[in-house]
Amino acid sequence: MIRFFTEWTQFGFMRNAFAAIVIITPLFGLLGTMIVERKMAFFSDALGHSAWTGIALGVVAGLSDTSLSMLLFAAVFALLLNKLSSAGTAANDTVISVFSSCSIAVGLAILSKGGNFSQYSGLLVGDVLSITKSEIGYLALIFAVTLLFWTFGFNWLQAVSIHRSLAKSRHIPVRFMENLFAVLTALIVMASIRWVGILIINALLILPAAASRNLSQNLREYHFFAVIFSIFSGIFGLIISYFINVATGPVIVILASIIYFSTFVYGSRIQ
């Protein structure tokens, strides 16, 4: 048992990955609660898939590092989705699905030109073991910004989620809060994709919050359990993946899924 908790700490890349997970997972836990409450699971999934187009735009522009193009495209993509969804001309899931499909197709078409897609395929599952200390610093900055937003903007955002018209009557800037949350989610998703993976990043956002919802009796418990489940899945997923030599992201999602189904069964029994 001692070996389970100590052997992996001998390696610098594992210590870096551990630090990144300790930063990323609480973020996902917090954001996930609001994403689940606002029924934005399709939205966050579409953001993850839109990374292909952001990368493709960076390649077309000749950028050596496509991170900036990913972040900029994600912010614009999120704002555009919010705009069209609020217009009410079509169902939200339809609008999101159309934009997601289009962004995937455009991105893959550009990146696959000349048979070069293989160099980007690693983004599908991510590689948290490759994270550097400077990148951990960037994640820490994002974490600080998110906590700041949560401290000063959560009550407004919660009011908007419960009843938009009532929030407007209380002079809450509804559209601004929705756009701010969408952009913040987009930036965190894009900043994490390289280490988490496009295919599973939405699961890491949704599963801990959904599991927490199965147990929680109030908002405090909802956020607390979501963060705990997210951190637990991240840390133990990293350690287990080291010993069984499997990609870290999928192991984390498997643990988060087990927690979700366990809380679902438990929650059903106590109701």
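I start with a term: buried means under 20% relative accessible area, exposed means over 50%, and partly exposed lies in between (1.4 Å probe, protein chains only).

**Entry 1: ground rules.** I am reading a predicted model, where local features need pLDDT of at least 70, side-chain atom pairs count only at pLDDT 80 or more, and totals for chains, interfaces and linings use all residues. Residues are numbered from 1 along each chain as its sequence is written, and side-chain values use heavy atoms, with hydrogens and water left out.

**Entry 2: the salt bridge.** I looked up salt bridges (a side-chain nitrogen of Lys or Arg within 4 Å of a carboxyl oxygen of Asp or Glu). The structure holds one. Its partners are the side chains of Glu 37 and Arg 213, at 3.4 Å, N to O. Glu 37 sits in helix α2 and Arg 213 in helix α10 (residues 201-215), so the pair links distant parts of the chain, 176 residues apart. Helices here are DSSP runs (H or I, at least four residues), strands are runs of E (at least two), and both are numbered from the N terminus. Arg 213 has 47% relative accessibility, so I noted it as partly exposed. Glu 37 has 28%, so it is also partly exposed. In general, side chains of opposite charge can pair when their charged atoms come close.

**Entry 3: the whole chain.** I listed 12 helices and zero strands for the protein chain. Its radius of gyration is 19 Å, close to the 18 Å that the globule rule gives for 271 residues, so the chain is as compact as a globular protein of that length. That radius is taken over C-alpha atoms, and the rule is 2.2 Å times the number of residues to the power 0.38. The C-alpha atoms fill a box of roughly 60 × 55 × 30 Å along the principal axes. Of the 271 residues, 46% count as buried.

I then checked contacts (heavy atoms within 4.5 Å). Among those with a separation of 6 or more, 74% join residues 24 or more positions apart.

**Entry 4: the core.** I looked for a nonpolar core (buried Ala, Val, Leu, Ile, Met, Phe, Trp, Tyr and Cys residues joined through side-chain atoms within 4.5 Å). The largest has 72 residues, and Leu 31 and Trp 150 are among those with the most contacts inside it. Helix α2 (residues 12-37) gives the largest share of this core, 13 residues. Leaving aside neighbours within four places in sequence, Leu 31 touches several residues, including Trp 150, Phe 181 and Leu 205. In soluble globular proteins, nonpolar side chains tend to be buried together.

Entry 5: Is Ser 241 buried or exposed? Its relative accessible area is 4%, so Ser 241 is buried. I found Ser 241 in helix α11 (residues 219-244). Beyond neighbours within four places in sequence, Ser 241 is in contact with Val 246, Ala 247, Thr 248 and Val 251.

Ile 254 lies in helix α12 (residues 248-270). Ile 254 is exposed, at 51% relative accessible area. Leu 204 is 50 residues from Ile 254 in sequence and 9.9 Å away in space, C-alpha to C-alpha.

Val 60 belongs to helix α4 (residues 51-60). Its relative accessible area is 59%, so Val 60 is exposed.
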